[in-house]
Amino acid sequence: MALLETTGVSINFGGLWAVKNVDFSIEPRQIIGLIGPNGSGKTTFLNIISGIYTATEGQVMMKGETITGLKPYQIFKKGMSRTYQSSRLCWDLSVADNILIGLYTKQKYSFADTIFRPKKTDGEIYDGLQQCMDMLSYFNPELVDRRYELVKNIPHIDRRRIEISRALVSHPSIVLLDEPTAGLNDDETMEMMDDIRKIKEKIQDICIIIIEHDMKVMAEVPEHIVVFNAGQKIAEGVYKDIVSDPAVINAYLGGAAV
């Protein structure tokens, strides 16, 4: 059984189909890359499967259960988390606090506990902080020493790592990465590629769906590529086949393979 599967997923905005009739599936431990020109529907597709948008047509299944129409927090509780192309970090919170946000659905203490049973609350927060720092140290141990610094004072690549750590700390089954190398230079992009590979080592059963425009990343990281154009899936397969596909060359690569 596919961990995540869509059947005929489509969404219409004002009479225009942003995503049209997309069938998609991902198996446990698989990394799938989504590519396509700007405006081709990649991020819209992620927004549908993560509950930000509700599909106009079609169905989304996760672990054999329909999740079409569920709210993002409900889908998050079922084991799907994500990052975004533009930062969603809280600039005036610390590194640790930003990652702790990813554990909010795991919290067992109540408001009353914070007043009448502070030891219970403190113990759970401490355990959560340890999980956060363990995750962060896997990507950059130096960030653990900066855990109480405001995130706005942290370098851009490390902010990306913080966002990924926040997405992973709840131990999701599926993580969606929307252009994790955006704004990074070539050396930082290579570091981020290594970080994404580390995710598979850290959480062995996790599935990863990644959107990227950097073909170096797509050539090295995903095992399978899906190509979007004008809201539709026009090709899928391994990288070496995708870059020689005439439809992909015409739609995405500007007439020349790379």
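Residues are numbered from 1 along each chain as its sequence is written, and side-chain values use heavy atoms, with hydrogens and water left out. In this predicted model, local features need pLDDT of at least 70 and side-chain atom pairs count only at pLDDT 80 or more, while totals for chains, interfaces and linings use all residues.

**View 1. Helix 1 (residues 42-49) is largely enclosed by the rest of the structure, because seven of its eight residues are buried.** Buried means under 20% relative accessible area, exposed over 50%, partly exposed in between (1.4 Å probe, protein chains only). Among the buried residues of helix 1 are Phe-45, Leu-46, Ile-48 and Ile-49. Helices (H or I, at least four residues) and strands (E, at least two) are DSSP runs, numbered from the N terminus. Just after helix 1, Gly-51 has a positive phi of about 90 degrees.

**View 2. Strand 9 (residues 224-229) and strand 10 (residues 232-237) run antiparallel and are joined by five bridges.** Two strands pair if DSSP finds at least two bridges between them. Phe-228 has Lys-233 in strand 10 as its bridge partner. The two strands form a hairpin with two residues between them, and Ala-230 in the turn takes a positive phi of about 50 degrees.

**View 3. In the largest nonpolar core, of 28 residues, Leu-168, Leu-177, Ile-199 and Ile-208 touch the most other members.** A nonpolar core is a set of buried Ala, Val, Leu, Ile, Met, Phe, Trp, Tyr and Cys residues joined through side-chain atoms within 4.5 Å. A second, separate core of 27 residues includes Ile-48 and Phe-228.

**View 4. Tyr-104 lies in the loop between helix 3 (95-100) and helix 4 (111-116).** With 44% relative accessibility, Tyr-104 is partly exposed.
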